[in-house]
Amino acid sequence: MKRIMVTGGAGFIGSAFVRYQLRAYPDVHIVNFDKLTYAGNLDNVREADPARHIFVRGDIADFDALYTALNGCDAVVNFAAESHVDRSILGASEFLDTNVRGVYNIVEAARRLEVQHVLLVSTDEVYGSISEGSFKETDRLNPRNPYSAAKAGGELVGMSYYHTFNVPVVVTRGSNTYGPYQYPEKVLPLFVTNALDNEPLPLYKGGERNVRDWLYVDDHARGIDVALRRGTPGEVYNIAGGNERENITLTRKILALTGKDESLIKLVADRPGHDRRYSIDAGKLRGLGWRSEMDWDQGVTETVHWYQENEWWWRKIKSGEFREYYQRQYGNR
Ligand code: NAD
Ligand code: DAU
């Protein structure tokens with residue numbers, strides 16, 4: 001693989017994948033195709049070598065722009081998505097445009113251009129909630145919020161292109177990801193940055209004991225790389241952190257690491273349709289040689305330190321659009 005299009009490469013996980021590719025494969029060139037929505041941020045790839053990293057501002061829902069940028073690439077890895085569950089509850093239209101129509105455009109452009117590798121980044125949320133045990137790739141999909149339903153729709157369109165047109169599509173389903181450069185709407189960076197500012201941590205009441213499986217962002221990026229290079233077209237690979245924690249445990253850990261006490265916790269109305277527990281089995285990807293390497297305690301500690309040391313990155317984000325969103329999301333809760 002010499003020229004890889006990364007869609008959504010200015011976002012959280014996409015930018016980690018870009019950094020990983022440039023570090024691990026000296027011959028690889030990246031075409032980073034990103035719409036720069038509220039979640040896209042060129043600061044995330046500011047250190048990428050311009051000789052090997054071309055940035056194209058574009059929308060995956062715009063077929064012509066996508067087709068033009070993809071021409072000449074031998075692989076495409078799709079990270080571009082509307083990615084926040086709570087925003088999908090406030091309004092789902094853009095989720096369908098990007099997460100379904102956008103993915104259709106990618107596989108259709110890949111079909112016409114005969115691109116050799118197509119990796120669609122998806123999520124463990126497509127399985128829905130599980131009270132015991134862990135989902136395998138063959139389990140049925142049961143997405144329960146507009147975000148995950150749109151992600152499932154994108155996956156299904158993608159896989160239909162494998163079965164119908166032999167487009168070499170591989171899908172990954174990752175668990176809750178954390179690390180540097182995550183937009184501070186997601187629970188971990190929201191709670192860390194609020195704690196640093198002595199602002200309340202809005203923990204969803206009734207969801208304190210809900211469980212997420214935490215995956216460090218560089219482990220996720222490596223898992224996607226393994227699936228891209230060693231995976232079999234037409235197959236799905238789970239990528240699990242192996243670190244299931246209740247939300248209250250994560251919240252207390254953040255308070256301890258920032259030196260704050262529990263009076264900052266503010267129980268607010270629960271997320272409608274809040275999935276209780278996500279859990280997936282990553283044995284299939286481990287069979288290709290991947291492991292989740294980051295220890296949870298160490299990963300969360302390093303991540304909290306990163307936000308403490310990189311206020312320049314998140315302070316400007318937490319003004320402007322973010323303020324307006326925060327008011328809509330938490331104002332009356
Ligand atoms: P993010 O919101 O941080 O970044 C999304 C990026 O996509 C942004 O740079 C944004 O500008 C870009 N984008 C959005 N719509 C676009 C469009 N129409 N055309 C081009 N670019 C567009 O998201 P993330 O957390 O980095 O997630 C990346 C991918 O991984 C998503 O597909 C998400 O569903 C999946 N995923 C995320 C997690 C997680 O915990 N964050 C876990 C599993 C899977
Ligand atoms: O599981 C993978 C998914 O993880 C990804 O596909 C999504 O893109 C990503 O956003 C994430 O979804 P979640 O909904 O699990 O993440 P979020 O950070 O929004 O919430 C994590 C948990 O914390 C969830 O149980 C809800 C709770 N929460 C979240 C927020 C934002 C709160 O209690 N309060 C909050 O303010």
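Reader: Let's start with ligand 2. Which elements each supply at least two residues of its shell?

Author: Helix H3 (85–90), H6 and strand S8 (201–204) each give at least two residues to the shell around ligand 2. Helices (H or I, at least four residues) and strands (E, at least two) are DSSP runs, numbered from the N terminus.

Reader: And what are the ground rules here?

Author: This is a predicted model, where local features need pLDDT of at least 70 and side-chain atom pairs count only at pLDDT 80 or more, while totals for chains, interfaces and linings use all residues. Residues are numbered from 1 along each chain as its sequence is written, chains are lettered from A and ligands numbered from 1 in the order in which they are written, and side-chain values use heavy atoms, with hydrogens and water left out.

Reader: OK, how many residues surround ligand 2, and which are the closest?

Author: 24 residues surround ligand 2, and the closest are Asp124, Tyr147, Asn176, Arg271 and His274. A residue is near a molecule or strand here if one of its heavy atoms lies within 4 Å of it.

Reader: Which residues have polar atoms by an oxygen atom of ligand 2?

Author: His274 has a side-chain N or O atom 2.6 Å from an oxygen atom of ligand 2. For Arg212, a polar side-chain atom sits 2.8 Å from an oxygen of the ligand, and for Tyr204 a polar backbone atom is 2.9 Å from one. Alone, ligand 2 exposes 690 Å², and the protein buries 94% of that. Those areas come from the Shrake-Rupley method with a 1.4 Å probe; for residues, only the protein chains shown count as cover.

Reader: Switching to ligand 1. Which residues come nearest?

Author: Ile13, Asp34, Ser83, Tyr147 and Lys151 come nearest, out of the 29 residues around ligand 1.

Reader: Which element gives the most to the shell around ligand 1?

Author: S5, with 3 residues. Helix H1 (12–24), strand S5 (117–123) and helix H5 (146–165) each supply at least two residues of that shell.

Reader: What about polar atoms around ligand 1?

Author: A polar side-chain atom of Ser83 lies 2.7 Å from an oxygen atom of ligand 1.

Reader: Now the domains. Where are the bounds of domain 1 and domain 2?

Author: Domain 1 is 3–177 + 215–239, and domain 2 is 182–212 + 243–269 + 296–330. The bounds come from an automatic or database domain assignment. Taken over C-alpha atoms, the two centres are 25 Å apart. In terms of contact (heavy atoms within 4.5 Å), 15 residues of domain 1 meet 18 residues of domain 2.

Reader: How many residues are in the largest nonpolar core?

Author: 67, and those with the most contacts inside that core are Ile4, Phe17, Val77, Phe79, Leu119, Tyr178 and Ile224. Both domain 1 and domain 2 give residues to this core, so it lies between them. Another core lies apart from it, with 25 residues, including Met5, Ile60, Val115 and Val167. A nonpolar core is a set of buried Ala, Val, Leu, Ile, Met, Phe, Trp, Tyr and Cys residues joined through side-chain atoms within 4.5 Å.

Reader: Is Pro184 buried or exposed?

Author: Pro184 is buried, with a relative accessible area of 0%. Buried means under 20% relative accessible area, exposed over 50%, partly exposed in between (1.4 Å probe, protein chains only). Pro184 is in the loop between strand S7 (177–178) and helix H6 (187–196). Leaving out residues up to four places away in sequence, Pro184 touches Pro189, Leu190, Thr193, Trp313, Ile317, Lys318 and Phe322.

Reader: And Asn310, where is that?

Author: Asn310 is in the loop between helix H10 (296–309) and helix H11 (311–317). Asn310 counts as buried because its relative accessibility is 13%. Its side chain makes a polar contact with the side chain of Trp312 (3.0 Å), and a polar atom of that Asn310 side chain lies 2.9 Å from the backbone oxygen of Trp306. A polar contact is a pair of N or O atoms within 3.5 Å; within protein, one must be able to donate a hydrogen and the other to accept it, and residues adjacent in sequence count only if both atoms are side-chain atoms.

Reader: Last one: what's the phi of Glu114?

Author: It's positive, about 55°, although Glu114 is not a glycine. Most residues other than glycine have a negative phi. Glu114 sits in the loop between H4 and S5 and counts as exposed at 66% relative accessibility. Asn166 also has a positive phi, near 65°, and lies in the loop between H5 and strand S6 (169–174).
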